Amino acid sequence: MYHILVCDDEKDIVSALEIYLQADGYKIYKAYNGREALAIMSEAEIHLVLMDIMMPELDGIAAMTELRKHSNVPVILLTAKGEDTDKVLGLTVGADDYITKPFNPVELQARVRSQLRRYMQLGGGQPQTHIRTIGGISINDKSKEVSLDGEPVSLTKIEYNILWFLMQHPDEVFSPKEIYQNVWRDNPLGNENTVAVHIRHLREKLEYNPADPRYLKAVWGRGYKMEG
């Protein structure tokens with residue numbers, strides 16, 4: 001099943017698009033401004049974006065420019081009849097197509113199918129191995145960015161490396177010695193307690209209740225795991 005993100009500040013338009021696209025079997029994610037769209041993109045696997053240009057907080061052009069820094073997912077702009085300059089600008093900064101409001105549902109569905117087909121044929125549907133997402137935590141190993149529920153989280157280099165290591169192996173338990181060897185690339189020589197300190201700091205930054213963690217779990221007598 002393909003996942004489509006629909007972003008428009010007019011809720012009636014979002015609802016109409018959801019009806020048309022669900023009829024073709026797509027799963028729909030909804031956003032009402034560019035910031036919400038980027039937050040969803042950081043957490044969910046999206047195969048195509050339908051984005052309005054004129055929106056509050058962060059408009060479609062700015063949101064798409066930010067999106068293009070790390071994703072080649074197809075973007076179809078939703079434009080008003082008089083927005084010719086914005087159409088050209090949108091195509092220049094990375095939009096794949098545009099459709100003018102009010103739109104014809106049959107034309108919309110055809111354009112969506114066409115863009116999805118092209119994207120998959122070019123290998124765009126292959127998993128992005130530099131991105132890992134578990135629950136509300138997302139980590140991008142190219143940009144070295146971490147977010148929690150769409151909000152950026154600042155980590156030290158060691159905290160980042162521990163998180164990246166554990167998120168590559170969800171639900172696998174690693175002893176403090178194994179974590180130290182894989183992150184520090186060295187023999188711990190009695191430094192296993194250092195791992196516990198960094199895990200505690202990670203919990204403080206990523207868990208809503210560090211005393212009862214949802215993600216970074218301790219397995220008594222064995223070590224730690226990132227619960228998928």
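**Figure 1. Burial and overall make-up of the protein chain.** In this predicted model, buried residues account for 43% of the 228 residues in the protein chain. The secondary structure comprises eight helices and eleven strands, and the C-alpha trace spans about 70 × 30 × 30 Å along its principal axes. The accessible surface of the chain amounts to about 12100 Å², and carbon and sulfur atoms contribute 49% of that area. Among the contacts in the chain with a separation of 6 or more, 56% are between residues 24 or more positions apart.

**Figure 2. Crossing of helices α1 and α5.** Two packed helices are described by the angle between their axes and the distance between the axes. Helix α1, which covers residues 11–22, and helix α5, which covers residues 105–121, have axes that come within 10 Å and cross at roughly 65 degrees, and the crossing of α1 past α5 is right-handed. On the α1 side the contact is made by Leu17, Tyr20 and Leu21, and on the α5 side by Pro105, Leu108, Gln109 and Val112. Of these contact residues, six are nonpolar and one is polar, while no charged residue takes part.

**Figure 3. The salt bridge between Lys101 and Asp8.** The whole structure contains twelve salt bridges, and one of the pairs is formed by the side chains of Lys101 and Asp8, with an N to O distance of 3.2 Å. This pair links distant parts of the chain, since Lys101 sits in the loop between β5 (97–100) and α5 whereas Asp8 sits in the loop between β1 (3–7) and α1, 93 residues apart. Both Lys101 and Asp8 are buried.

**Figure 4. Helix α6 and the pairing of Glu159 with Lys205.** Helix α6, residues 157–167, is mostly covered, with eight of its eleven residues buried. The buried residues of α6 are Glu159, Tyr160, Ile162, Leu163, Trp164, Phe165, Leu166 and Met167. Glu159 forms a salt bridge with Lys205, in which the closest N and O atoms are 2.8 Å apart. Here too the pair links distant parts of the chain, with Glu159 in helix α6 and Lys205 in helix α8 (residues 192–206), 46 residues apart. Glu159 counts as buried because its relative accessibility is 3%, whereas Lys205, with a relative accessible area of 32%, is partly exposed. Elsewhere, salt bridges that share partners join Asp8, Asp52 and Lys101 into one network.

**Figure 5. The salt bridge between Lys69 and Glu66.** The side chains of Lys69 and Glu66 meet in a salt bridge with an N to O distance of 3.0 Å. Lys69 has a relative accessibility of 61% and therefore counts as exposed, whereas Glu66, at 35% relative accessibility, counts as partly exposed.

**Figure 6. The setting of Glu36 in helix α2.** Glu36 lies in helix α2, which runs over residues 34–43. Because its relative accessibility is 33%, Glu36 counts as partly exposed. The C-alpha atom of Glu36 is separated by 14 Å from that of Lys11, and the two residues are 25 residues apart along the chain.

Technical notes
Residues numbered from 1 in each chain as written. Predicted model: local features only at pLDDT ≥ 70, side-chain atom pairs only at ≥ 80, totals over all residues. Heavy atoms only, no water. Buried < 20%, exposed > 50% of the residue type's maximum accessible area, 1.4 Å probe, protein only. Helix = DSSP H or I, 4+ residues; strand = E, 2+ residues; numbered from the N terminus. Axes fitted to C-alpha atoms, helices over the stretch in contact; angles between N-to-C directions. Left-handed = near helix turned anticlockwise from the far one by under 90°. Contact = heavy atoms within 4.5 Å. Nonpolar A, V, L, I, M, F, W, Y, C, P; charged D, E, K, R; others polar. Salt bridge = Lys/Arg side-chain N within 4 Å of Asp/Glu carboxyl O. Areas by Shrake-Rupley, 256 points an atom, 1.4 Å probe, with all protein chains shown as cover.
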